[in-house]
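User: Hi! Could you walk me through this one? I'd like to ask a few quick things as we go.

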Amino acid sequence: MTELKGGWRLLATLFALLAAFLAGIWLSRRFTRFEVSGASMEPAFRGGDCLIVDRSVLKARRPRAGDVVVVRDPELAVRWLVKRVWRVADDGQLDLRGDNAAESRDSRDFGLVPPSGVAGLVRWRYWRTQRA
Amino acid sequence: MSFLTRLLRPSNVAFAHCDGPCGVYDPASARIAAEAVLSMEKKIAALGDGMDAATVNTRTRFIAIKESQSDIAKNELEILWSDYFKPEHLEKYPNLHDTFWKAVKLCSKNKTEQDPANGEALLGAVEEIHKMFWGSKGRDVAFYRAS
């Protein structure tokens, strides 16, 4: 392998930095992080868990049953809920449920939720604090 | 908290809550109202049947408080019944609806009558609901009375 000389080496370094910078922008636009509060998604997710949420994927495909999504709370628009898509109605609206049905306020209470209220799809849990 | 955990901690919170916007349910508020009802019934009984202006005034006050606290107890029970309890709880407590139905009817009975026995019966119903409520959360919370 021939060694890059002078200006070429500088150019390659700058190019790599630019690529990393653009990748960073792309990642931060596509993914966001949420912390879970409450017990309605136990045992999959519990209070204190930190999640990576994909904001782009549901623009490419529709939500489907089994997806865990972050949605705007239909009853209090300033906050977000994390729930599982239990069923997609014929008109595309989402029937959301908490995994822990006995301790969940969800579509059984506030009805179907339009897909426009969905912020993104939960992709990974990257943090969990051990229970005391 | 270390710098790293602070950095990793998201600034957004997604709620996985069981509750409505305020999120606080506790049968204690129904119990306190029921205790006030019973207390007024005892005071009405102790006041006797004097018809002088002062006694009539005091009796009227006791009755007004008894009726308003009966309404509060009924409202608090209905919130638990309709908002907190879910079909899943009904599987564990098949007599849930019957218990609540009888309890809210007792509130009406306490409102229209003045017998302390009704107040005792209402407190008994609240205690049953207390047991179902904390049982549904898997917690063992002792029922106590202020008086």
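User: Which residue in S1(B) does Glu35(A) stand opposite?
Analyst: Glu35(A) stands opposite Val13(B). Bear in mind that this is a predicted model, where local features need pLDDT of at least 70, side-chain atom pairs count only at pLDDT 80 or more, and totals for chains, interfaces and linings use all residues. Residues are numbered from 1 along each chain as its sequence is written, while chains are lettered from A and ligands numbered from 1 in the order in which they are written.

User: And in what sense do S1(A) and S1(B) pair, parallel or antiparallel?
Analyst: Parallel, over four bridges. Strands count as paired if DSSP finds at least two bridges between them. The elements are DSSP runs numbered from the N terminus: helices are H or I with at least four residues, strands E with at least two.

User: Nice. How many residues of each chain are in contact?
Analyst: 17 residues of chain B are in contact with 27 residues of chain A, contact being C-beta atoms, placed from the backbone, within 7 Å. On the chain B side, S1(B) gives the most, with four residues. That side divides into eight nonpolar, five polar and four charged residues. Here Ala, Val, Leu, Ile, Met, Phe, Trp, Tyr, Cys and Pro are nonpolar, Asp, Glu, Lys and Arg charged, and the others, Gly among them, polar.

User: What does Ala14(B) touch?
Analyst: Leaving out residues up to four places away in sequence, Ala14(B) touches Phe34(A), Val36(A), Val70(A), Trp80(A), Leu81(A) and Val82(A).

User: Which residues touch the most other members of the largest nonpolar core?
Analyst: That core has 24 residues, and those touching the most other members include Phe34(A), Val82(A), Ala14(B) and Ala16(B). A nonpolar core is a set of buried Ala, Val, Leu, Ile, Met, Phe, Trp, Tyr and Cys residues joined through C-beta atoms within 7 Å. Buried means 20 or more other C-beta atoms within 10 Å of a residue's own, exposed means 12 or fewer, and partly exposed is in between. Apart from it lies another core of 22 residues, Phe85(B) and Leu123(B) among them.

User: Switching topic: what's the makeup of chain A?
Analyst: Three helices and six strands, in the order α-β-β-α-β-β-β-α-β from the N terminus. Of its 132 residues, 27% are buried.

User: Last one: why does His97(B) count as exposed?
Analyst: Because His97(B) has 12 other C-beta atoms within 10 Å. His97(B) is found in helix H5 (residues 96–112) of chain B.

Conventions:
Two residues are in contact if their C-beta atoms, placed from the backbone, lie within 7 Å.
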